[in-house]
Amino acid sequence: MYNFTWNIPTVIHFGKDQLSHLEELKESGNKVLMVYGGGSIKKIGIYDKAVEILKKYGLEIIELSGIEPNPRIESVRKGVELCKKNNIDMVLAIGGGSTIDASKVIAAGACYDGDAWDLVLDGSKIKKALPVYTVLTLSATGSEMDPYAVISDLTKNEKWGTESQNVKPQMSVLDPTYTFSVSKKQTAAGTADIMSHTLENYFTTVKGNDFQKNMCEAILKTLVKFGPIAYNEPDNYDARANLMWCSSMAINGLVSLGSAVAWCIHPMEHELSAFYDITHGEGLAILTPVWIEHCMKKNPDTIADFATFGRNVFGIKEDNDKSCAEKAVAALRKYLFEDMHIPANLRAVGITEKINFEKMAEKAENGCKGCYEPLSKKDIIAIFEAAY
Ligand code: NZQ
Ligand code: ZN
């Protein structure tokens, strides 16, 4: 296990009726930029409640709405301008990962003299940020408790993740009932995203990290159990609560620190979203089984790990590693594409051409170098082809 430092400044208020904790924003000043997406928070009633609480505590609210799924740099720039013009003290994100990610870069951009895109390309330039608070409405990215933000410039087909300890949320409200209204599509995609964060950490060449691996298996088994329940019974509290807590735990460092190698499915998926604006979790789900098969073929030493995944997560009883790993891939496909009804290939999410595969692979290659099974541009193209 490698050395690590773990510091999570985020206070979590988990469970029903936690919104009154927005009172804590007072500690950061009296002017808040409230950021949200396309309006789901109004439909489900959080908007009115949040405004009422903020006003009760004397906070002045400036709003930025319309943050897009796969949030755009243009929206971030608008938010930065609002912060600078209005001397904003803190940013409150109410929504899913896109709203939270945009809010993080807005909070950093408000304390930066240049263009916010600089901060997306290089997180080390984030020396300071306004405090970020979040109310999570979709279980998926873990942005509510992590240092990452992913922003797109679709005019250039660019989607990059940035990282800074300075943008970790100060406080996050995690009320699973806020996710009852999440569509089946987003429930499935969000669950696949949490699964992918866990798998990116679980498949590692680092040895002696049993704790992290066991925690990964706990998250994976929880997703396998509760994903389909949330899909079929959207207001099942325990299902939504388990998915929500897994979302935070999969990426806040608990299962990765001391154990992690570079991620490889995410850099490939970010190219799919950058070129075709698809839903992140769906892209990950489509690539994952194909990536496992590619690794098994390329490097038979990986087969034992995929067999362990099959035995410990899907309960497959099979002594032979190769056939156990094959059954694990089949079980994963059944889970993602039958139980969770995620589109099973790239054509099914509207990617009906192969013309950009080479360019996309070239851009993903750097991110896929130091990972569990290092991937070349040729490997990545083969994975895109197999996912097509
Ligand atoms: O915009 P609104 O109206 O809020 O609707 C959203 C959006 O259309 C809707 N939604 C959210 N909560 C809802 C709801 N609808 C009904 N009821 C609710 N309670 O869901 C749609 C998708 O929302 P979005 O925020 O885009 O989804 P998600 O949370 O999956 O975020 C995806 C983005 O996060 C990035 C992805 O690349 C993508 O850009 N990621 C961020 C990470 C991080 N910060 O650590 C890591 C991830 O790997 C990921 O890359
Ligand atoms: Zn992800």
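**Labels and their grounds**

Modeller: The protein chain carries 42 positive and 50 negative side chains, and the centres of the two sets lie 1 Å apart; here Lys and Arg count as positive and Asp and Glu as negative, while His and the chain ends are not counted, and the place of a charge is NZ of Lys, CZ of Arg, CG of Asp or CD of Glu. This is a predicted model, in which local features need pLDDT of at least 70 and side-chain atom pairs count only at pLDDT 80 or more, whereas totals for chains, interfaces and linings use all residues. Residues are numbered from 1 along each chain as its sequence is written, chains are lettered from A and ligands numbered from 1 in the order in which they are written, and side-chain values use heavy atoms, with hydrogens and water left out.

Biologist: What makes the protein chain as compact as a globular protein of that length?

Modeller: The protein chain comes to 14 helices and eight strands, these being DSSP runs (H or I of at least four residues for helices, E of at least two for strands) numbered from the N terminus. Its radius of gyration is 20 Å, close to the 21 Å that the globule rule gives for 388 residues, so the chain is as compact as a globular protein of that length; the radius is taken over C-alpha atoms, and the rule is 2.2 Å times the number of residues to the power 0.38.

Biologist: Why is Lys104 called buried?

Modeller: Buried means under 20% relative accessible area, exposed over 50%, and partly exposed in between, with a 1.4 Å probe and protein chains only. Lys104 has a relative accessible area of 0%, so it is buried. Lys104 is found in helix H4 (residues 97–109) and, not counting residues up to four places away in sequence, touches residues including Val132, Asp146, Tyr148 and Pro169, where contact means heavy atoms within 4.5 Å.

Biologist: Why is Asn366 called exposed?

Modeller: The relative accessible area of Asn366 is 57%, so this residue is exposed. Asn366 is found in the loop between helix H13 (357–365) and helix H14 (377–387).

Biologist: What makes a set of residues a nonpolar core?

Modeller: The set must consist of buried Ala, Val, Leu, Ile, Met, Phe, Trp, Tyr and Cys residues joined through side-chain atoms within 4.5 Å. The largest such core has 74 residues, and Trp291 and Leu336 are among those with the most contacts inside it. A second, separate core of 28 residues includes Ile88 and Val120.
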